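The sequence and coordinates are shown first, and the description follows.

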Amino acid sequence: MSAPRSAPARGGSAIARLAAAIRPVAALILFAVVIAIVLALVLLTLGASPVEVFADLWRGAFGDWLALTDTLVKSTPLIFTGLAVAVAFQGALWNIGAEGQLLIGALAAGAIGPALGGWPHGAAIVAMLAAGAGGGALWGAIAGGLRARREVNEVISTIMLNFVAAQVLSFAVHGPLMEASGAFPASAPIAAAATFDVYLAPSRLNFGMLLAAGLAVACYLGLFHTAAGFQLRALGRNRRASAFFGIPIARMTIGTLALAGAIAGVGGAVQVSAITHRLYETLSPGWGYEAIAVALVARLNPLAIVPAAVLFGALDNGSQAMQRAAGVSPELVYVIQALVILTLLAFDASATGALRAAILGAPAAGPDDPGAPPAALPPAAPIATRDA
Amino acid sequence: MLEAFLSSAIAMAAPILLAALGELIVEQGGVVNIGIEGAMLCGAFFGLTATWFSGSLALGLAAAIGAAVALNALFALVVVNLAVNQVVAGTAIDMLALGLTGICYRRIFGVTGRALTITPMRPLALGPLARIPIVGPALFDQNGLVYLAFVLVPIVGALIWRTRFGLELRAAGERPEAADALGLAVYRLRWQALLMAGVLSGLAGAYLTLAYANTFVEGMSAGRGYVALSVVIVGRWRAWGVAAASLLFGAAMALQFGLQAFGTAVPYQLFLALPYALTIVMLAIVGGQAQSPSALGAPYARL
């Protein structure tokens, strides 16, 4: 922003530099404190003791071996959906559709799963994952194609596709894929060959976590060490300039959203293969939406998605214990997710100087401030980006 | 049959229209409010709760407006003053609303919902007009919020295109830097737009519980806020266009009641998915964003 501003103290004293360096950190701490206070107030109005609730949360997430491994199991789908969001966001493609992409991926895997009885174990697993990737990619590519060819905003199309996916899954488990007895709205169980081996029984730890972590590394290398990854990030920073530099925008848009969908879809297939072994309507508790918080906490860095997902997996797992012990609604998790996202956005604003301008009402130092880290989110306008 | 369908279509269109008119004002100022879904949900819950405890529909409407305005104020604080990404912030606002209404619902009414129903708003039949065959009940025998929604169409249109406020708001939506340089208070204009939209989405939410369902179900806005967002695009950012698009989506939602009369041969999921699928198809047909305010969705930091 080249608006005139009173001369900022640039490159001045060591104290000024230090202040510039710690400002974002201070902002984060400030907002973490604000969030903790807000949460404590919410809990108090609900009549629960914040200390007990946080203690229950911790015990439920990390209290013993089973809690710890279950936290990892619950983090696994969040790694997949978190990657699906982060990869698309890097290109300023606002994929709110990881939920639907995961559901369609699970549907594709769950549809072929019961028929894989005679297959070798490895081949059956590969078939499940490929089906999941294909289903998710299709769902992502619809949004990508609409954006690239018809300039349909992907935010709205991916949200709408989430609703459609939920109905498609509902139809499948009530109709063509319903288990033989017809008593429950669930599909037939997948063949034994198509299920993941469990490591370290009685925990539910399985190959899915490793696969997710490996995919995170692959996404990192793809984004930061390949030409296509560079082009995608360039697209995220400035769509119009990318067009001038000859980046194939339409192909990148479709390809990126298809890739994001494929990643989320594999997550769905892993969930079916490893945990549920069949399809039902309430397969996902909202992993696709939670993924947005995961991706932002990870600053859209695929490697950081893994610990960020574990953080939220712990929150999910711990909150279930918390509900049983303290009688707190499961919806508290949504509130926490929302507050985390808003905090991180404010943290970004501290990097651009908008936070200080808002608080102090004074001109901020601006994004070219030497101590300020770049904002994690691509700055491109989400709606009015027209392709040249 | 046709009479019932038309009546139902207009009744289903009204909440979408109310919310979409609010979104239209906000978008003319250059802001995209994905949080509209959350504002509707808050309006629905707090409207019902206030009516349940007080027995007064007027208090319910006031509570719905208050809750939605408060949520929009939080959104305005984040996207206007902190100039952060509007899509992500809006998604967070939706989650916040889903969580808060869920927590309060369980807290106040228990897990089972305890037969949470209220006496709904009654239709106001406009004399002999309501007895016109076929269109009479649809147009002239609805509740007050339906009339309000359609009366607001020309009013919102005039506000945006015929008043000084509208002119300044559109300047803030087209070229915020230029508007700022001319001495217009871009932040204040966007705040005002978001507060007005809060009133309208609060009413839209209240409609769901006080005039339509008469009870509350968690997440009951069921994407209507997102449909309202699409309605603004399909309506080409014009008040009458928004009204026409709302009617189209109202009709799609009413279809599920009309077609159920044909029996169970068609899976009900098809009807539930129809409004969302129709949204995608309509956006693909309309295509492009050439009519949108230039700075729509772009964070503007007055640094």
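In chain B, helix α2 (residues 36-54) packs against helix α9 (residues 186-213) at an angle of about 55 degrees, and their axes lie 7 Å apart. That angle makes α2(B) oblique to α9(B); angles under 35 degrees count as roughly parallel, over 145 as roughly antiparallel, 65 to 115 as roughly perpendicular and the rest as oblique. The crossing of α2(B) and α9(B) is right-handed. Ala, Val, Leu, Ile, Met, Phe, Trp, Tyr, Cys and Pro count as nonpolar, Asp, Glu, Lys and Arg as charged, and the others, Gly among them, as polar. Among the residues of α2(B) that meet α9(B) are B:Met40, B:Gly43 and B:Gly47, while the α9(B) side includes B:Gly202, B:Leu203 and B:Ala206.

The model is predicted; local features need pLDDT of at least 70, side-chain atom pairs count only at pLDDT 80 or more, and totals for chains, interfaces and linings use all residues. Residues are numbered from 1 along each chain as its sequence is written, and chains are lettered from A and ligands numbered from 1 in the order in which they are written. Helices (H or I, at least four residues) and strands (E, at least two) are DSSP runs, numbered from the N terminus. Axes are lines fitted to C-alpha atoms, for helices over the stretch in contact, and angles run from 0 to 180 degrees between N-to-C directions. A crossing is left-handed if the near helix is turned anticlockwise from the far one by less than a right angle, and right-handed if clockwise.

B:Leu203 is placed in helix α9 of chain B. B:Leu203 is buried, with 28 other C-beta atoms within 10 Å; buried means 20 or more such atoms, exposed 12 or fewer, and partly exposed in between, with C-beta atoms placed from the backbone. Leaving aside residues up to four places away in sequence, B:Leu203 touches B:Leu18, B:Gly43, B:Leu61, B:Ala64, B:Ile65 and B:Leu145. Such contacts require C-beta atoms, placed from the backbone, within 7 Å. B:Leu203 and B:Met40 are 163 residues apart in sequence, yet their C-alpha atoms are 7.8 Å apart in space.

Helix α4 (residues 98-112) and helix α6 (residues 154-174) of chain A have axes that come within 8 Å and cross at roughly 25 degrees. α4(A) and α6(A) are therefore roughly parallel to each other, and their crossing is left-handed. Ten nonpolar, two polar and one charged residues make up this contact of α4(A) with α6(A).

| Chain | Helices and strands |
|---|---|
| B | twelve helices, two strands |

Along the sequence, chain B follows the pattern α-α-α-α-β-α-β-α-α-α-α-α-α-α. The radius of gyration of chain B, taken over C-alpha atoms, is 19 Å, close to the 19 Å that the globule rule gives for 303 residues, so chain B is as compact as a globular protein of that length. The globule rule is 2.2 Å times the number of residues to the power 0.38. The C-alpha trace of chain B spans about 60 × 45 × 40 Å along its principal axes. Of the 303 residues in chain B, 54% are buried; in chain A, 53% of the 388 residues are buried.

How values were computed:
Contact = placed C-beta atoms within 7 Å.
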